[in-house]
Amino acid sequence: MPRWITTAAAITALGAIAPAVQAEPLKIAIIESLSGPQTSTGRLIATAAEYVIDQANTNGGFNGEPIQVKEYDNAGDTSGAATKFREAAADGAHVIIQGASSAIGGQVTEDVRKHNIRNPDNPIIYINVGAEAMELRGKKCHFHAFHFTTTAPYRTVPLMQVMSEQGDLGKRVYSINQNYSWGRDMETAIVDNADRFDYQVVDKVLHEVNRIQDFSPFVARIKSENPDSVITGNWSNDLLLLMKAVGDANLDITFGTIFMDQPGNVANAGDVAEGHYVAHSSNIELLDEAGPEAYKKATGHYPVFIEPTTLNGVGLFAEALKQVNFDGGDINVNEIALAMENTTFDNGLGGMHVRKADHQAVIPIVVSQVASGVKYPVDGTELGFKPIKTVAGEDAIYPAQDSCRMRRPK
Amino acid sequence: MRYALIAILALLALLIIAPPLLGTGWQYALINALIAALFAAAFNLLVGQGGMLSFGHAAYFGVGAFTVIHLMQSVEYGDIPFPTVLLPLAGAAVSLLCGALAGFFATMRSGVYFALVTLALAELLHSLAPHWDEMFGGEAGLSSMRMPSLGFTFGSTLEVYYLTLSWVVICIGLLYAYTRTPFGRLTLALRDNEQRIRFMGFNAHGTKIVVFAISAMFSGVAGSLMAISNETANYSVFSTQVSALVVLHTFVGGSTIFFGPIVGACVLSLFTFVVSGVTHSWMLYQGIIFVLVMLFAPKGIGGVIQAHIEQRHALPWKRLAAPYALATLAGLMVACATVFVVQSLEIVLSREYAAAVARTGEYAPYTVFAREWQVFHPFTWLFPVLLLVPGLYLLRRAFARIKALWDKDDDDDNGDVPAATQQLMEGGR
């Protein structure tokens with residue numbers, strides 16, 4: 001049930017004491033997939049974002065008022081997102097948080113861009129915490145969009161760098177990915193870095209998305225090339241079934257993955273998962289215990305999968321709010337956006353900031369290996385993610401795309 | 001007939017006057033409802049009138065949307081001058097062509113085989129689209145901006161609403177006019193007895209292609225309007241969900257009546273808009289509505305309304321008032337009980353609630369219907385039972401009485417009533 005999460009008592013008390021000037025409260029809209037097949041991801045994002053804002057509110061809110069958060073259910077499709085965006089804009093939202101899908105990300109970022117062109121006096125900020133499509137930072141980039149998640153090359157480079165250092169990458173690398181923009185971004189990144197990490201792409205495969213039930217023909221193809229490692233950006237069933245097919249074929253090949261830490265993956269894959277790599281934007285094994293424990297106390301679970309990204313992104317936003325002061329007057333969204341460009345936020349692994357050219361966040365990437373004997377085992381198994389190395393954001397990030405031509409407010 | 005005209009004009013007046021008084025969220029929801037209504041009406045030309053159930057109409061809807069988004073991009077970059085208000089014409093033209101082509105193959109078969117061919121053709125597009133970035137824009141989709149036209153900037157949602165309303169009214173008008181033409185009659189005959197059409201000297205296959213293409217064309221207009229209002233198009237528009245939704249709208253509304261699917265699409269779209277803002281279980285409620293309609297009113301909402309209009313002179317309205325009121329009350333009781341149980345479970349079984357229990361060690365009261373409830377208090381779970389059991393009992397009583405009153409007509413009225421009454425009681429065949 002969406003509701004403005006407010007400390008109602010504080011508002012009424014404030015209203016009673018100072019009826020003359022009503023400060024403008026900052027309004028945040030979370031437009032997420034809260035029903036339908038993508039609910040599990042959408043719910044995680046909403047929970048993490050609300051956690052950060054609740055913390056900001058216990059520290060005094062913003063502009064003399066508690067920050068107001070409202071959830072909007074986009075039902076997992078772009079039309080639903082467009083509807084909810086207009087509803088949020090009509091409700092006076094200053095900031096929109098979204099992340100569960102690049103398709104919806106594309107819709108929301110474009111809606112925000114057009115809204116800001118048509119209403120230059122009431123702009124809206126879009127905080128992207130999960131949509132990884134390169135195009136959102138390229139052709140579709142704009143001043144009011146901030147991308148706190150990574151992209152295909154951003155994760156592939158540190159993944160292969162660490163695997164190479166560990167001696168698990170080898171000279172023969174096999175690329176298997178899903179045949180749509182994300183999978184193709186992955187393949188490009190794998191091919192482009194061959195010289196840098198001194199390997200040869202022995203074969204590259206693009207397959208249908210979430211339609212293949214039996215990966216054994218693909219595994220036969222992998223086997224025939226005799227690779228040292230397989231790099232894949234596959235997620236969900238495409239990753240699980242691929243790993244299972246490899247396990248069934250008794251192939252001893254190390255996988256480099258991007259989405260191994262999606263809840264349920266390790267449990268479903270079982271022992272097959274052990275030894276495989278994942279590149280993610282945080283690993284709670286490395287964090288100070290207080291953070292994850294406090295999170296678990298508030299939400300019932302440790303931050304997993306997309307939650308650390310959301311905590312970091314919304315965390316930087318909350319940090320930026322401390323840099324601006326409107327003295328209880330009207331909120332100037334452009335000033336908040338400029339503050340976000342100039343804010344450095346310590347996410348527990350190192351400093352993160354936003355790159356001015358395309359508003360891609362520069363975040364350290366952790367490369368971990370599935371292993372037993374970790375502090376936080378996942379999915380009720382013995383296994384968890386053992387951090388191998390943290391790569392600084394500057395070393396991992398891809399160059400800003402030429403297609404991004406950002407117009408800044410005057 | 002005169003009453004119908006007055007009712008339609010009144011509805012139209014309401015649709016013109018009301019939106020400026022509503023917020024942009026509602027205006028946009030109305031745009032979506034109008035688009036869904038046109039899509040359902042176009043779909044029903046094929047299903048309800050032509051007797052061909054298509055499971056792949058998202059293809060023609062999507063083709064219209066992508067045609068228009070490409071054209072809008074060309075206009076935006078100044079390559080082609082094309083007035084924004086006429087954009088749906090382009091979507092219509094391309095969808096008509098695609099419909100004629102797909103229709104040629106699909107209509108070679110009928111029944112289940114026809115449905116499977118349409119499904120396959122739509123899936124073809126659905127699996128092709130993600131691989132062709134230049135045409136369909138990849139995962140992030142294509143985007144453009146509406147350019148000013150005829151003195152309107154089309155920057156505000158309200159202007160887009162009126163543009164959509166005009167197109168939808170014109171297209172539904174045309175679709176209605178179509179049913180009155182000799183070719184429209186031929187379409188009905190196609191549904192009832194295809195063999196006979198052939199014996200009468202018509203080209204059945206050719207006729208079916210034309211019907212299919214016209215249906216695709218109007219679906220394309222609906223898709224165009226969606227592209228204009230969203231200013232984006234994404235390959236997810238080809239998904240089976242879109243095809244399934246129009247089937248749902250059509251059958252909840254009633255496919256045997258011209259205005260049925262339009263009513264169904266409007267009701268369900270607005271239902272989604274309102275209820276999805278209140279609860280995450282809205283899909284469950286939508287599913288319950290669908291099942292109930294299929295079980296108890298197979299001719300849909302439109303069918304129930306039409307039966308009442310047809311019987312308006314024959315029904316003993318005065319004696320029916322009490323049972324109808326009782327049925328409404330009992331229905332509300334059952335609905336309240338259902339909503340209470342679903343909402344309670346949604347809250348109590350949520351992760352947030354589990355986290356709160358783990359944190360504080362106690363089961364905090366939760367709020368439904370603006371009242372606090374204790375999870376383990378017997379009254380909390382007695383409450384829905386107290387509503388449900390008498391509600392169901394009263395509902396049965398009320399409907400038995402209503403049925404008796406409708407049936408009673410048969411005895412003391414003229415000959416053509418029993419058939420219609422019988423139909424209502426049995427539901428559509």
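Which residue forms a salt bridge with A:R155? Select A:R155 and look for A:E132: the two form a salt bridge, with their closest N and O atoms 2.7 Å apart. (A salt bridge here is a side-chain nitrogen of Lys or Arg within 4 Å of a carboxyl oxygen of Asp or Glu.)

Before moving on, some ground rules. This is a predicted model, in which local features need pLDDT of at least 70 and side-chain atom pairs count only at pLDDT 80 or more, while totals for chains, interfaces and linings use all residues. Residues are numbered from 1 along each chain as its sequence is written, chains are lettered from A and ligands numbered from 1 in the order in which they are written, and side-chain values use heavy atoms, with hydrogens and water left out.

**Stop 1: the two domains of chain A**

Colour residues 8-150 + 287-361 of chain A as domain 1, and 152-280 + 364-396 as domain 2. These bounds come from an automatic or database domain assignment. The domain centres, taken over C-alpha atoms, are 31 Å apart. Where the domains meet, 18 residues of domain 1 are in contact with 15 residues of domain 2 (contact means heavy atoms within 4.5 Å).

Together the two domains of chain A bury about 1400 Å², 65% of it on carbon and sulfur atoms. Buried area is the accessible area (1.4 Å probe) that two parts lose on being put together, summed over both. Now select A:E132, A:T150 and A:F305: in domain 1 these lose the most area to domain 2, together 43% of what that side buries. A:E132 is also the partner of A:R155 from the opening question, and the count between these domains is 2 salt bridges.

If you show secondary structure, find α10 and β12 (351-354) of chain A, the elements that give two or more residues to the domain 1 side. (Helices, H or I of at least four residues, and strands, E of at least two, are DSSP runs numbered from the N terminus.) β12(A) gives the largest share, 3 residues.

**Stop 2: an annotated span**

Next, select residues 25-372 of chain A, where UniProt, in an unreviewed entry, places the feature "domain: Leucine-binding protein". Such annotations may be inferred rather than shown by experiment. The span is 39% helix and 19% strand, and its end C-alpha atoms lie 47 Å apart.

**Stop 3: chain A meets chain B**

Show both chains. Here 44 residues of chain A are in contact with 43 residues of chain B, and the area buried between the chains is about 3600 Å², of which carbon and sulfur atoms give 47%. There are 4 salt bridges between the chains. To see one of them, select B:E231 and A:R118, whose closest N and O atoms are 2.8 Å apart. Among the elements of chain A that each supply at least two residues to this side are α2 (39-58), β2 (68-73) and α4 (102-118). The largest share, 10 residues, comes from α4(A).

**Stop 4: the two domains of chain B**

Finally, colour chain B as domain 1 (2-298) and domain 2 (311-426). Their centres are separated by 33 Å over C-alpha atoms. At this boundary, 6 residues of domain 1 are in contact with 5 residues of domain 2, and about 460 Å² is buried, 54% of it on carbon and sulfur atoms. Select B:T279, B:S281 and B:Y285, which lose the most area on the domain 1 side, together 59% of what that side buries. Across this interface the rule finds 0 salt bridges.
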